[in-house]
Amino acid sequence: MTRFNAWNVIKNGLNGQSGWSRQWRDPEPKSNYDVIIVGGGLHGLATAFYLAKNHNINNVAVLEKGWIGGGNAGRNTTIVRSNYMMPGNHEFYEHSLKLWENLSHELNYNVMFSQRAHVSLFHSPGARDSAARRYNIMKLHGTDAELWDLKTLKKKIPHLNYDDSRFPILGAAVQRRAGNARHDAVAWGYARAADSLGVDILQNCEVTGITRKNGSIESIQTSRGTIKGKKVGFAVAGNTSVLWQMAELGNLPIESHKLQAFVTESIKPLLDQVVVYGVGGAHFYISQSDKGSMVFGGDLDWYKSYAQRGNLPIVQDSAEAAMAILPCLGRIRLLRHWAGVMDMTMDGSFFICKTPISNLYLNAGWNYGGFKASPASGWYFADLIANENPHNYVHNHNLERFEKGINIDERGAGPDPKLHG
Amino acid sequence: MKSKRLNNLGKIDRDKTLNFTWDNKKLSGFEGDSLASALLANNIGIVGRSFKYHRPRGIFSSGVEESGALVTIGSKDRRDPNVRATTQELFDGLKASGQNAFPNVNFDLGGINNYIGRFFAAGFYYKTFMGIPPFEWGKGTTIWMLFEKLIRKAAGMGSASRLPDPDSYEHAHDFCDVIVVGSGPSGVAAAIEAAEKKLDVILVEQDSLVGGNQLSENDFSTSEIFNQLKSLGIKVMTRTTAFGLYDNCVVGLLERVTDHLSIPDSTLPRQRFWTIRAKHIIVGSGALERHIAFNNNDIPGVMTVNASKHYLNRYGVLTGEDIVIATNNDSVYETANELSEAGANVTVLDSRTNIEIDSNKNFEIRKGFVPYNINGTKKIDSLDISKSENINKIDTINCDQVLLSGGWSPAVHLLSHRGVKPKWDPENACFIPSDTKENITMIGSSRGLWNKDDCIASGVAGATDALNRLGVSKTNYFFPKPGGWKNPIKPLYEVKYKKSRSKSFVDYQHDVTADDVRLAHREGFISVEHLKRYTTLGMANDQGKMGNIIGLSLMADLLNKEIPEVGTTVFRPPYTPVPIGALTGRNVGKHFRPLRVTPMHQWNIDHGAKMIEVGLYQRPWYYPKKMKHSVIHILEKQQL
Amino acid sequence: MIRINCPYCGERDHSEFSYGGDASIKYPSLEASEKEWTEAIFFRKNIRGFQLETWHHSNGCRMWLEVERSTVTHEIKSVRPCHPDLQKVVENNK
């Protein structure tokens, strides 16, 4: 495989781009694999990569019903951050951020991770206090965190709505190492790197049935034939419940909800940072892509859904929330809006865990936050599959935590999946 | 290109002169002009620059599919970037300027990208900029972020104002039995049929005039139809785009209230965002003419055939003197006649050989020929042509304009918003709408019907379908079969250039070339969704209205498959871009959220309380005069 | 926009309502085991297709409704009051 670097880009510029070949193979499914990962999204692909890279397990297949990166990997607002404070969460997301920082080099694929700073606005002294608490805890853990007072914020982002807003902007909690990445590139980069380590990426390979024998999964029926795997991992986000029931495992603490995302026409640089806020029942995040589009989103559509399209009330809500902090956006035009299916859990936290089936492992429940987590998610899911033992950072992220009453949620919004923003 | 205003033809008012500026140059047009037609009347050829290579861009179309003539209008806090000149109505005092260029669109330093463009193939940025070149040494994101700064500056199209939008917007709501989208022959027929059966009908038209593509006909009277619709009690909404279909027959509309006025009434909103709750939706959104990919097919002076007809008969503008029309279908011949009657020297290249054409021989028809390469950089000098079999340059025609028609794509976008996948019609080389269980009926050329009688029949059938589904009647109806041309269309998507490094554009705004599609294929990005994301094909402001099918056909060709096997991209709302301000409506500034107050609110204010936000409430934080020293001191100490 | 046909108010936008969630959950007796309670409170079928769910007409008549709706197409098959007595009233008024 041709390495990606400026040298080869120039060389291929001169020879009519003839030196590039497939970024990953299109193999026929083998009958047996050591590990089958169901789901060719970011988490599945990252898992396959780290299985091969960290654990020398190369006989791995990634099963994708459509095309890799076509689900939530391609339907998010690409924010990467690690501003968590609870034990476990903090270490997990910080590790993820560290992996992000070197991901382009690791994968030899420019995933365009740009540490443009994550600026979380606050609007009341109470919100400032709680931001101070969280960001101080982050600092104690050794991650970067700072508070910007109003003067600093005005200097950094002069065109926020400081004068006429319903909720005054008082300052912001900032993580400078946070930012955005190019979502498609992450999926393709993991696929290409995993493929080069021997992983088979099987596209258009939909799971149609699961055969169990003596408490373990014997084989998986797919649209491309029956495939056997010693171990099986699920990483299918919003469709987890469907697979779970296919394996006759009953219910899960997950509901599928839809989250809309919005992209505008591309314009010259208008916003350098990721800006987020939540006040007055609104929840909003915005950044500008390298292509120039403003990319933003807000709340869920508030009802359970598997549809990848949204409805007008949340379109209005998100537009309002955008204008509330950036009133200059009024004339900027929305180009596209669509929805992704989120696997919302009962406590807003994810699962990387074993299951009632001995050779089945679960990676699910990423709520709104799956994108930033994908490197660490792949890392620790691979670790769990290879070593059978959940790592300390994720050992509470299991299906038994509800019965045991283990609290790992940062927000504590209660057992209602739609409330975990 | 030598375009000029004629003394006859057009639906413009030559007695009302409108002054406007283009890049600070004072120009004039007439009442009824679009910005694009006024620019063409003033022989302005270059109106923009493309996204990546900064190639000169002219006016490609006369409608919403425009991907070249994106300009900035207005100034200061009313600066609007990325406005389609083709749909912006001209008004007195309009200020327009070119964008994505320095110092201007005629001479743009960014044009250097065109010469080093060979290094900028699709997705090249995924392969480099990671570390120190040439071998990407180093770790972390530092080097990328240095490159990124430059890339961000170069990217983007127009530049936006950073000042708050001073205009106001409104939300409005309405209900009806049937909403008809589009006022072409089919939409009008449907609306009339439904209204005559006593249904409550709303007809929406994105243009300022009703008529749809009939506006490009010489003898068409828009006012007659408008009056007829009105007399039947139909609510006719012009300058209104149905931008999206949502659950349960809800339609989102954007009404442009004052965008066409030079001094708007200050009590009017700039735009209105309508939520219409209908019982049935009839979509007659028409079809869009495609271009053809061949080398240098983007030089200013290239236009779709129907656009030229539109400029001629609606605006009285002849878009060229020596015109070559390249086609693979029958739809161009009326235009060829009209253009030559208006004084242009017209040659038609028809890729087909075995065809019968009735024409008055005012122009030459070269059967079995296709365009091969355009010579020129900022304007067309000549066109190299080839036989349609055995592609190679065999002749050159001197011309200043090349009009293209690679077939027509029904606008199935609105149905696609509902998750309904269109089906491929190989006979007509286009996607046509599939049936849906929901109360939505597609009519007219958005169903793949090419002649007016069929369109009208389909409109009546569509209305009958609505009446049946609403339980008003139980009448049999049938839709005419797609098609309607005398000679069958012969698929023509790309004329392959023999030399390497061709610039055959598939997506004009994003500079996606046929070679980019081939590179994507070579690298394994063969599904539609991957192709789109890897090359950015169809992700520009026009959302691939012209280029998508060409990209699909190229990929199908490479895979040795039929187009439908490659797939269809899902069109997302909005159909045309919608300002965030309109979606927001009145809920701006202090009205973002309601303010809730306690019974003591006024008392607190009267006593000088410093208020803070608590949810939607405001509560006193402290009373500065009395407690300044103790409380503030403590609170400030606690915070940081 | 999902349009919900409220038995009291008529057909209204879903934005007038608050989503309650899965209506098929039956809470066990107070003496039931922690396992049973965990299952009832935290675990869901998460049906892809038609499901029973509750909606509260919070910006209308404030009635709790039981709605049978597809989670794929959002199509609604039936709407009725949650309360059995109100159900009877609606039935009798038909």
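Which side chain of chain B meets that of Asp290(A) in a salt bridge? In this predicted model, the partner is Arg152(B), with an N to O distance of 2.8 Å. This pair belongs to the contact between chain B and chain A, where the count of salt bridges is 8. Polar contacts link 58 residue pairs across the two chains, counting pairs with both residues at pLDDT 80 or more. On the chain B side, helix α3 (residues 142-154) makes the largest contribution, 6 residues. By class, that side comprises 48 nonpolar, 29 polar and 26 charged residues.

In total, 103 residues of chain B and 98 residues of chain A take part in the contact. About 8900 Å² is buried between these chains, with carbon and sulfur atoms accounting for 56%. Strand β16 of chain A (residues 333-345) runs antiparallel to strand β31 of chain B (residues 578-579), with 2 bridges between them, and Leu334(A) lies opposite Val578(B).

Turning to chain C, its contact with chain A involves 26 residues from chain C and 27 from chain A. The buried area is about 2300 Å², 52% of it from carbon and sulfur atoms. Tyr19(C), Phe42(C) and Asn46(C) provide 28% of the area chain C buries there, more than any other three residues. There are 2 salt bridges between these chains, including one between Arg44(C) and Glu255(A) at 3.7 Å, N to O.

Terms used
Residues are numbered from 1 along each chain as its sequence is written. Chains are lettered from A and ligands numbered from 1 in the order in which they are written. This is a predicted model: local features need pLDDT of at least 70, side-chain atom pairs count only at pLDDT 80 or more; totals for chains, interfaces and linings use all residues. Side-chain values use heavy atoms; hydrogens and water are left out. Contact means heavy atoms within 4.5 Å. Buried area is the accessible area (1.4 Å probe) that two parts lose on being put together, summed over both. A salt bridge is a side-chain nitrogen of Lys or Arg within 4 Å of a carboxyl oxygen of Asp or Glu. A polar contact is a pair of N or O atoms within 3.5 Å; within protein, one must be able to donate a hydrogen and the other to accept it, and residues adjacent in sequence count only if both atoms are side-chain atoms. Helices (H or I, at least four residues) and strands (E, at least two) are DSSP runs, numbered from the N terminus. Ala, Val, Leu, Ile, Met, Phe, Trp, Tyr, Cys and Pro count as nonpolar, Asp, Glu, Lys and Arg as charged, and the others, Gly among them, as polar. Two strands pair if DSSP finds at least two bridges between them.
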